[in-house]
Amino acid sequence: MNKHIKKVAVIGSGIMGSGIACHFANIGVEVLLLDIVPRELDDKEKAKGLTIEDRVVRNRLVNNSLAAALKSKPSPIYHQKFAQRITTGNLEDDISKVAKVDWIIEVVVERLDIKKKVFENLEKYRTPGTLITSNTSGIPINFMSEGRSDDFQKHFCGTHFFNPARYLKLFEIIPGPKTSPEVLDFLNGYGEKFLGKTSVLAKDTPAFIGNRIGIFSIQSLFHMVKELGMTVEEVDKLSGPVIGRPKSATFRTVDVVGLDTLVHVANGIYENCPNDEKHELFKLPDFINTLIENKWLGSKTGQGFYKKVKTKDGKSEILTLDLDKMDYRSKKSAKFATLELTKTIDNVIDRFKVLVAGKDKAGEFYRKSFAALFAYVSHRIPEITDELYKIDDAMKAGFGWEHGPFQIWDAIGLEKGLAIMKDEGQEPAPWIAEMAASGINSFYTVKEGASYFYDIPKKSMERIPGQDAFIILDNIRKTNEVFKNSGVVIEDIGDGILNVEFQSKMNTIGGDVLAGLNKGIDLAEKDFQGLVVGNQAANFSVGANIGMIFMMAVEQEYDELNMAIKMFQDTMMRMRYSAIPTVSAPHGMCLGGGCELSLHADKVVAAAETYIGLVEFGVGVIPGGGGSKEFALRAADTFKKNDVELNVLQEYFLTIGMAKVSTSAYEAYDLGILQKGKDIVVVNKDRQIATAKAYAKLMAETGYTQPVRRKDIKVLGKQALGMFLVGTDAMEASHYISEHDQKIANKLAYVMAGGDLSEPTMVNEQYLLDIEREAFLSLCTERKTLERIQHMLKTGKPLRN
């Protein structure tokens, strides 16, 4: 199906509809966002003398909804200017405009009668061949298309986005009884390639895949919490990051989503799945009914399982619901011996064997919850899907789980999982026994860099489709390793390209990582054509190893610290000046040294969800790995296009001085970190390494030549330095910044001005690197800087002193 999506219509502008509209705008698609006409004037409209016929009144609902979405945090849009791609209207005056769109997405209230009426009206104006889909979270697809034309039904199906549409990757596609296979294939590919989603084809069953399993998991914990005598804090401690789930874990997640939303889906499953072997588990426990009666629905009503209050001294405190007394109390810490055993295990997947073997309440919790989960997902095949990997994909993409149920079972071991299930009185589906009897003891395996899954009907391991566009580092790390130390693994990713993958804690950059980067460049220059620096952890890099810097500074080992900083600078310069093209592939947090590395690569292939910036001010220093130099250089390059040189330099100075971090890769262009015409953004992070490799290969094949070191950087000297010093004096005098902030800012000013030169001068990069390093080292001798670094190491938060 050769179809190009240039314009979409989103029908319904609520939180979900506006979020979907914003995400299509994110990827460059023109959007028509429509909603109903208000039935009456509000007080402001009456005061202005408006009537129900005025355009501003008729579009009030849609305009207010979109405005609220654009102001919300986290933002649904990559860049505020992208909102210009959205045109608003109403379903009476503007419905005819759907004739000119390529895809109509219905996102109205979850009532079948209303949806059917909307589809009836849309069909009057829809052009034959136009895709038309519903974002329903559970209404049967076959009911919605009843009575519609053959062409409508052929192009109709469910497309279930998860909220928030920008951030959650799951895109469930649910066919109707007459949906064309070509339409399903197109949407599957479009969701993955253009929307950056994990596309999962689901069957038309209640709650589809993600919510069916996700709500079961939450309901299971709801019933278990009383059985085990656990507190809200204990459940959230055990069901959060320690097992690769979001920080909000269970009860905080319910508060954020809204208890009423969860109850609506749970009731739907209870009513519509009478033959589910866990049918009674979807019945709400008494304490949930009490919460509903009290309207303690979570964040939307100000209280749920948690409640934020002001203490007598005006400070904020988070209280927790006592599930026995159904009243709020101060939070209690939750500690378990089993969790202590996992503190040295960095990889989440390696923790599960330890967790289920725990001898305390935590171990019992994990055995009960995983036994129930494993049994339940085994019985959902073939009811909700025929392929087990789709359940794992749905839970990872829709609920933020790092690993799906079958991956966790593999980590524990098939036989061990079965033994735990037997002990807990849980019965797996018959196909599990058949699989074990055939000698297959895992749900997944890897062959030649590709992932395979156990196909139940075929009773054999089959390749998971759609992997050709991806490079999965977990699958090739062992077989394609070229070099390894404690900080990096260097892999051959094919076609003459190497990849340097950071392996340090939080991907911090220390001596071993720098040695690995240099080794990667050495190897690539000798036997390969290009180098990618990329990984598939949660974050690209949180920056330099400040713990190492702190220890050297405390011990006053300034010569060693000087050498370490020079090694960092020299490595960044090698990234820029080597005989092979270098490509950085940042994603997630890319801070400090991670940002500096990206600034020096030949090209950046950034994931759209990249939060990048030079944040060194927060720990009392300036960027010392070439970042301050690079911003002075980039400002000088901008001088040629802008006569107001001091203003340009000031903008770059403030980006560092205010520790600005982009909220998306697109914002990084505004900060001067990414460069238009050179760096690119990819929406689907799963494609990032493969895309970076393709660009490295292209640069090599089109004749890459090592760049000549820059000697033409214009610095403004005393003219700029004076301006900066006057500014920092004024800010300190007005108490906008502390005395120590002023000292850091003045050091940065000295570097970016090129020192106190008497007139504008052309300098080379090494000159700027030397004064950058000198400024960095001088700040490391300051007591207040060491206090800031120590505070950051202890709390993970910056200190103002």
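Begin by selecting Ala632, Phe639, Leu649, Lys714, Val715, Leu716 and Met752, which line the second largest cavity; a cavity here is a set of points, on a 1 Å grid over the protein atoms alone, where a 1.4 Å probe fits but cannot get out, and lining residues have an atom within 4 Å of a point. The model is predicted, with local features needing pLDDT of at least 70 and side-chain atom pairs counting only at pLDDT 80 or more, while totals for chains, interfaces and linings use all residues. Residues are numbered from 1 along each chain as its sequence is written, and side-chain values use heavy atoms, with hydrogens and water left out.

The volume of this second largest cavity is about 30 Å³, a volume being the space filled by probe spheres set on the grid points, which are joined across faces, edges and corners. Colour α26 (627-639) and β24 (713-715), each of which supplies at least two residues of its lining; helices (H or I, at least four residues) and strands (E, at least two) are DSSP runs, numbered from the N terminus.

Next, select Phe216, Ser217, Ser220, Leu221, Ser239, Ile243, Arg245, Phe365, Tyr366, Ser369, Phe370 and Leu373, the lining of the largest cavity, which holds about 120 Å³ of space. Helix α16 gives the largest share of that lining, five residues, and α9 (210-227) and α16 (361-379) each supply at least two.

Move on to helix α23 (residues 546-554), where Ile549, Phe550, Met552 and Ala553 are buried, meaning under 20% relative accessible area with a 1.4 Å probe and protein chains only. Viewed down the axis of α23, these buried residues fall within an arc of 170°, so they line one face of the helix; the arc is that of the directions from the helix axis to the C-beta atoms. They pack against α24 (558-576), α32 (765-780) and α33 (783-795), where contact means heavy atoms within 4.5 Å.

Finally, turn to the second largest pocket, which contains about 900 Å³ of space; a pocket is an open set with protein on both sides within 12 Å along at least five of seven lines. Of its 32 lining residues, select Thr508, Val542, Ala544, Ile546 and Met792, the closest to its centre.

Methods:
Buried < 20%, exposed > 50% of the residue type's maximum accessible area, 1.4 Å probe, protein only.
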